[in-house]
Amino acid sequence: VVIVNIVTCLLTDLAKDPCVALESWMYPFYHSFGKQGRGWLFSILTRAKSTYHATLALSEHYQHRTTLHNRSIANGSDHLRAKGGHYDIALREMQQSLEKSDAWNGPTGLSQSIHVLTCILQLLFSDVREILSFNILDTD
Amino acid sequence: VKYCLLTSLILISISQAVCKRHNELAMAYKYSGYFASSTSTCTDSFNAVGSPVSACEKDRQDEQSLHGDSDEPVNFLLGSFVSFDIIAAASSRSCPILEVVHRLVLEKLGIDLKHLTACENWVMILIFEISLLDNWKKEAQNAYELSIVGLAKRGGQIREHLRRSLADLDNTPPTGFSPSNISKTYSERNHLETTKIFALSAMTYLNVVLSGANPTLPEIVEACRTQ
């Protein structure tokens, strides 16, 4: 139910303005003055499965933190990293992409690198959030 | 240069770092079963990525045609990973993971962290230099050849740079409010405040490296009070 709610929230937000969700959740200070703005980030979300799931994993983590009490966070993080979850799918998709990376070259290669690196960045954010959650619990 | 960095060095280095990080997390959070298997698969695949030089050659041919479309994501990713690496090295007292020249990437490639993390490039570069100084101090201490005079001299140069830049920040005139451009005004104020907080934190960090983690040290008290 939680996942369905998150997906619904995400899709609702994306339907309103795709960049709003990305801007407010993950990159609040990111401003682009280029012609395409932050559109490339949203474009990757819709094209790369790994980044899509990594983003959902991160939003799931935020949702989890904001809706549950601190004591439930430790139990919940097992669920967030469970097999078949968004984090798990994102990690596996990223690994599968990397397995094919020796064949990457030219514009497609750069595009693939950007997709994978964006996914890695999202996963790093998830890891940082995870560590911060544990630290907060420790200090409590 | 940016494309080469992104597609070869960064990909390999970051991927290895992610493997390492996942392995550490696995150990820390007892997910060893799941992470251990995924880590080994991951590591094997990174070995097959190919040499940075060959990737470089291939991408150079397409650099011109890609420039218009890919500059924004390349700047974003390089800037994010380099600043992540700097902050990680500083907070864990370890060597940076990326095999790039951090200072050159931030100075020469047109990456403006102000629009990514709200902290200006010069602060990030100084934080990196402080972490290098810390590593140098550790190594010299282990080899019994630490010169306090040398440490103070190197630290003094960084401190002077920080002081001058902080004074410039304080003298920056506030951006006038303009109803037609609220977003830009907001963003300017954000980055000034954030840069100042990072710079004062860097000052505290420098004092800790030079004199030790003593909260009563006048320089540390001063930096924390301003913050």
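A: Residue classes are as follows: Ala, Val, Leu, Ile, Met, Phe, Trp, Tyr, Cys and Pro count as nonpolar, Asp, Glu, Lys and Arg as charged, and the others, Gly among them, as polar. The model is predicted, with local features needing pLDDT of at least 70 and side-chain atom pairs pLDDT 80 or more, while totals for chains, interfaces and linings use all residues. Residues are numbered from 1 along each chain, chains are lettered from A in the order written, and side-chain values use heavy atoms without hydrogens or water.

By class, the lining of the second largest pocket has five nonpolar, two polar and six charged residues. The pocket (an open set of points on a 1 Å grid where a 1.4 Å probe fits, with protein on both sides within 12 Å along at least five of seven lines; lining residues have an atom within 4 Å of a point) holds about 250 Å³ of space. It is lined by 13 residues, and B:R163, B:L166, B:L200, B:M203 and B:E222 lie closest to its centre. The most comes from α6(B), with five residues.

For comparison, there is a helix pair in chain A. Residues of α4(A), among them A:H53, A:L56 and A:E60, meet residues of α6(A) that include A:Y87, A:I89 and A:M94 (contact means heavy atoms within 4.5 Å). By class, this contact has seven nonpolar, three polar and three charged residues.

Key. Helix = DSSP H or I, 4+ residues; strand = E, 2+ residues; numbered from the N terminus. Points joined across faces, edges and corners; volume = space filled by probe spheres on them.
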